[in-house]
Amino acid sequence: MATETKTDVVMELNRAGASGGAVDLRSDTVTRPSAEMRAAMASAEVGDDVYGEDPTVNRLEARAAEIFGKEAALFVPTGCMGNLIAIKVWTHHGDEVVCEERGHVNLYELASMSAIAGCMPRVVRAEDGIMSWNQIAAVIRPTIYYDSQTALICLENTVNMWGGTVYPTAQVDEICDGAHAMGLKVHMDGARIFNAATALGENVASMTRKVDSVMFCLSKGLGAPVGSIVVGTRAFIEKGRVYRKMVGGGMRQAGVIAAAGLIALEKSPGRLHIDHENARRLAEGIAQIRGLRIDAAKVRSNIVIFDCSGTGKTAVELCEMLHRRGVWAQDTAPYSVRLVTHVDVNRAGIERALVVLGELAAEASGVKAAASRRTP
Ligand code: TLP
């Protein structure tokens with residue numbers, strides 16, 4: 001392109017990034033900031049956010065609150081910190097937090113709800129990770145002085161480790177009504193809430209209108225380099241601001257990253273359907289590959305989790321084989337592999353991943369068949 005500048009070229013190279021042309025489907029956290037984000041970061045107006053003086057952070061928080069129809073918002077460096085802050089605000093030491101067994105707050109946040117907030121997870125095992133009010137009600141502790149007390153219900157939407165499944169909004173509403181009637185709060189780990197909104201064809205404000213607090217990530221499907229946001233009432237956010245500082249999240253001139261977050265928030269939700277179509281294509285392709293197992297009809301957002309036990313390879317082994325062939329995937333259980341679609345992998349990348357998966361599965365299954373023929 002004649003008008004292309006040296007900076008554009010450098011930006012494009014940065015975008016290709018460390019994966020060096022590999023199809024990196026390990027997570028939607030791996031995306032690089034777009035040229036527009038980088039330009040906005042370079043020219044961001046900043047101030048000291050610990051004094052509440054960073055105009056870009058303030059704009060991002062105000063816009064997030066507006067989009068969710070909540071009173072206020074708090075910019076945090078990570079999703080884990082956002083969830084921890086919400087749990088800390090809504091609970092006291094010794095309380096229980098109801099969550100799904102494979103929930104991120106239960107498995108992947110270093111037990112911070114226990115180590116820092118002093119709470120105990122009370123897990124529910126739910127099909128597809130979607131808890132019903134009846135399942136939740138069954139584990140709520142009676143108000144007897146010698147029992148630990150339930151304080152909070154944490155819903156994840158989409159549900160990462162169940163393959164990006166989505167809560168029907170009516171079910172979220174029912175859970176909130178039930179919880180509120182018992183004096184309990186509901187927090188939503190909405191790391192991928194915009195993916196859920198895309199899948200449902202609804203907006204995040206109506207999906208979360210009864211939820212007391214929501215954490216969502218700018219740095220996943222929305223493609224920002226850093227950052228998450230917690231939204232809720234003004235009183236909740238003011239308490240959250242104190243805990244953010246306590247756990248080391250006071251970020252000073254954070255407008256530099258908030259500038260990219262603003263672009264992610266405004267522009268990215270509108271393109272998530274592409275990631276979902278790519279995920280559906282991946283799932284349908286995988287369903288055709290001998291040795292791999294997936295219910296493609298269940299894939300509604302950008303996460304594809306399949307079973308590889310039929311190949312005779314463990315998920316770790318299969319991911320290593322894939323990696324050597326330029327397709328990066330994530331093992332999530334001994335025979336489960338996760339692929340996450342995102343802005344930096346296009347349809348050609350998806351097709352390439354399917355070709356490589358097909359070849360490797362055939363190779364692995366061939367080896368397995370030969371080995372079983374040798375067995376007396
Ligand atoms: N998820 C990561 C890993 O930690 C598993 C990923 O690659 O999917 N809630 C949910 C539902 C998440 O999926 C994640 C990150 C978080 C919270 C935490 O966000 P960060 O990484 O920003 O702390």
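In this predicted model, 16 residues of domain 1 are in contact with 21 residues of domain 2. The domain assignment of the protein chain places residues 21-29 together with 270-374 in domain 1, whereas domain 2 is given as residues 35-268. The C-alpha centres of domain 1 and domain 2 are separated by 29 Å.

The size of an interface is often expressed as the accessible area that is lost when the parts come together. For domain 1 and domain 2, the area buried between them amounts to about 1,600 Å², and 50% of this area lies on carbon and sulfur atoms.

A salt bridge links Asp128 and Lys298, for which the closest N and O atoms are 3.2 Å apart.

On the side of domain 1 that touches domain 2, at least two residues are supplied by each of two elements, namely α13 (272-287) and β9 (303-307). Helix α13 gives the most to this side of domain 1, contributing three residues. When the residues on the side of domain 1 that touches domain 2 are sorted by class, three are nonpolar, eight are polar and five are charged.

Notes: Residues are numbered from 1 along each chain as its sequence is written. This is a predicted model: local features need pLDDT of at least 70, side-chain atom pairs count only at pLDDT 80 or more; totals for chains, interfaces and linings use all residues. Side-chain values use heavy atoms; hydrogens and water are left out. Domain bounds come from an automatic or database domain assignment. Contact means heavy atoms within 4.5 Å. Buried area is the accessible area (1.4 Å probe) that two parts lose on being put together, summed over both. A salt bridge is a side-chain nitrogen of Lys or Arg within 4 Å of a carboxyl oxygen of Asp or Glu. Helices (H or I, at least four residues) and strands (E, at least two) are DSSP runs, numbered from the N terminus. Ala, Val, Leu, Ile, Met, Phe, Trp, Tyr, Cys and Pro count as nonpolar, Asp, Glu, Lys and Arg as charged, and the others, Gly among them, as polar.
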